Each structure stands twice: as structure tokens, then as C-alpha cells.
Amino acid sequence: MPQPLTILGLESSCDDTAAAVVRHEPGIPAEIMSNEVYGQTELHVDFGGVVPEIAARAHAEKIDLVVQAALEKAGLGLAEIDAVAVTAGPGLIGGVLSGLMCAKGIAAGAGLPLIGVNHLAGHALTPRLTDQLEFPYLMLLVSGGHCQFLIATAHDQFTRLGGTIDDAPGEAFDKVAKLLGLPQPGGPSIEQAAESGDEMRFNLPRPLLDRPDCDMSFSGLKTAVLRARDGLIADQGGLFAQDQTDISASFQAAVRDVLAAKCARAFDQYLELSPKAPAIAVAGGVAANKTLREALKMLADQHGAAFIAPPLKLCTDNAAMIAWAGIERYRAGQLDDMTLAARPRWPLDRVAAPMLGSGKKGAKA
Ligand code: KG4
Ligand code: ZN
């Protein structure tokens, strides 16, 4: 009988410094004993994106504090922890190194095993932490830094079916919000504005739907929004509140339509594996979007598949997902040692061709 495990997880690959403690006894759902996140949004807000040097310094300053907070919240000392799991990539190298050095120090000092986790695997395995989802399942990872369809067949086996060839959707939401004078982060403000908008008013493009694959593009959509906005300003001398809400609704609908249509294609490919209990799962900040969730749920319902959307706190960057991925690796005997290296780029699918897309964290998948 496998032993119960209590794992400390660390995450610092972008602009969130996070630590969590997760406990798992085989046969029962895992318990998230603590899940602490120190965000850095205000440090980067004036620069219109994450500044790697600023992020790295902030991680180095906060990582030990967030670990201490996570242990305190869990009510545990290091003596009660079985291993330390840490994001070893992909991401901004300075941030990844801060987390990795801290994890190595804890592992060496407390005599604990060290486990290096792929950040994307952390996101992709979250439905197993929250819903005990069985393999194989289809995963849409969609945030400010990621956008890809994956088939998860094992905790360390993923097939990438396609992804964005340029911007990630969250990045597009953020840039469009900026164009419309709405506050950051753009996703929630566009979603709110869209509630009173008319999604039919602007006929924005649905890029790459003419291509049969699962790749996507969101950068042209952003340019189309810019043109629509500038056209209105030229015609009427400014942008009215109704224009903001209508553009928001039209843009959100275009993103939803592209993701849903490509997800339908990804689902067809996934069905070729003849899964016993077909399931579509989402993760990433954009998975918070209600319109998108409804469209994906409808798709799943139409095909008799389950739809799994973890709570938002576990969809966005966090360390509970890293601790959970660490538990999966521990159980598979995949422990690391002090030679564990930070990897700025670390695709989940080792066979698929590299994606050109950047996302706010740079090319990595
Ligand atoms: O996963 P996340 O916290 O960080 C990474 O990018 O890794 O995702 C943040 C992104 C931001 O671009 C934000 O605008 C977007 O997720 N987002 C949303 C919503 N909430 C957050 N996009 C659309 N609709 C939302 N409700
Ligand atoms: Zn992430």
C-alpha cells in the first residue's frame, strides 16, 4: 500500500511567488493544507508586462517568506514534510532559479528529497488534484502565458495537439483592455464590460479556422480591434461607453469561438484513443471566463464528455499544483538531486515541433 505523502511545493516562474503544502493518502482526495501566493502585479504595472529582472529580485526577496507562511498555515514543520517539489521551468530564468535555490537549500538542510516539476505539467495535472480525473483527458491550457491543447495520458506523458502561434489569449485580453482604456488585468474588465455589450456589432476575424489543425492565432484579432477603435474615433471623435462594451463583447466572442472550434477538433483527435470516460479540462487564468466556460461545457455535453474547470485559485499560477505534480512524480519514483537545473524552455510534449508563440513569459512550449 503506497504511503501517505505530505509535499511542500514552490512556484516562481513568472510573477507569482507561491508555496503550498498538499497531503495525499491513496484512495482519498488530496488535501490542500495551505496555498499561499504573493503576487507582483503592482511592481510591473507601469511597464505593460512582466519585467524579468524586477520579477527575479522580488521572488528572491519573498520566496522564503512565502514558504514560511505556507508551513505555518498548514501547521507543519519541515520534519513533517516528505519532499520538496519546485518549478524547474519553463519560465523566466531568474525567477525559476530563485525557487530552485530555495528548494535545494530546504532539501539539503532538512534532508528531504527534491523533485523538479514542469510548470505546464502542474497546470495540466490540476484536474487530478481537484477532481481525481483519470487519464487520458483533453486539456486546454489557456492563460496570459500559455495556450495549448494537450492529451494527458500519464503524469509525465502529454501530446500537444496545437497551440497559439503568436499571442496567448490572456495577453490579447490584456492588450485589448489597454486599447479600450479598461483596467488591467484585461480579462476580468473585458468580461465585465462585455456583459452589457452587443457581440454582433463588430465582425471581428476568427483566425486560422480555415486551417484543419488545432493551431490558433490571436495577434491579428488584436489588430482588428485596434482598427475598429480607430475607425470609431475618426468617425465620431471619441469612444463612447457603448462602443467599449460592444467591442469587448465582440472580441470576447471571437476568442470564445476560436477556442471552442479548435477544441472540437482537438476532441475528435482525443476520441481516437477511445477513452472510457471522455473528459475536457481547462486551466489557466482565461479559464475563468464564463462565456468560454459555457461554450466548452456545451461542447462537452454534446459529446457526453465530462467538463472539469478547477476553481480559479487553482487555475492561475499557484504552488498547490506544483506540490501535486510532485506527489505524482514521487509515487513514480522520479526524484531529483542537487544537480537539478533550471530550464527556461521545457516543452511538455518532447516530440512536437517547438511553438513560435511567445506569451508574456517568452517562448517555451
Ligand atoms: O494563469 P494566469 O494567472 O497567469 C499566466 O498568464 O500564467 O492568467 C492571467 C491571464 C491574464 O492575461 C488575464 O487577463 C486573464 O488570465 N484572465 C481572464 C479572465 N481572468 C483572468 N481572461 C478572460 N476572462 C477572465 N475572466
Ligand atoms: Zn502558468
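**Terms and values**

Guide: The protein chain has 11 helices and 10 strands. Both are DSSP runs numbered from the N terminus, with at least four residues (H or I) for a helix and at least two (E) for a strand. This is a predicted model: local features need pLDDT of at least 70, side-chain atom pairs count only at pLDDT 80 or more, and totals for chains, interfaces and linings use all residues. Residues are numbered from 1 along each chain as written, chains are lettered from A and ligands numbered from 1 in written order, and side-chain values use heavy atoms, without hydrogens and water.

Visitor: What makes the radius of gyration of the protein chain agree with a compact globule?

Guide: The rule is 2.2 Å times the number of residues to the power 0.38, and the radius is taken over C-alpha atoms. For 365 residues a compact globule would come near 21 Å; the protein chain has 21 Å, so the two agree.

Visitor: Which atoms coordinate the zinc ion (ligand 2)?

Guide: They are NE2 of H119, H123 and H146, plus OD of D317, at 2.1 to 2.4 Å. Donors are N, O and S atoms within 2.8 Å of the metal (3.2 Å for Na, K and Ca); water is not among the atoms, so sites may look incomplete.

Visitor: Why is the site of the zinc ion (ligand 2) called irregular?

Guide: Four donors are tetrahedral if all angles lie between 85 and 135 degrees; four are square planar and six octahedral if opposite donors are over 155 degrees apart and all others between 65 and 115; anything else is irregular. Here the angles among the four donor atoms run from 87 to 161 degrees, and the site is irregular. H119 lies in helix 4 (residues 119–131) and H146 in the loop between strand 6 (137–142) and strand 7 (147–154), so this pair ties together parts 27 residues apart in sequence.

Visitor: How do you know whether H119 is buried or exposed?

Guide: Buried means under 20% relative accessible area, exposed over 50%, and partly exposed in between (1.4 Å probe, protein chains only). H119 has 0% relative accessibility, so H119 counts as buried. H146 has 3%, so H146 is buried too. Of the 365 residues of the protein chain, 56% count as buried.

Visitor: What makes helix 11 mostly covered?

Guide: Nine of its 12 residues are buried. Among them are M321, W324 and E328. Helix 11 (residues 320–331) reaches 17 Å from first C-alpha to last, close to the 16 Å expected. That expectation is 1.5 Å times one less than the number of residues.
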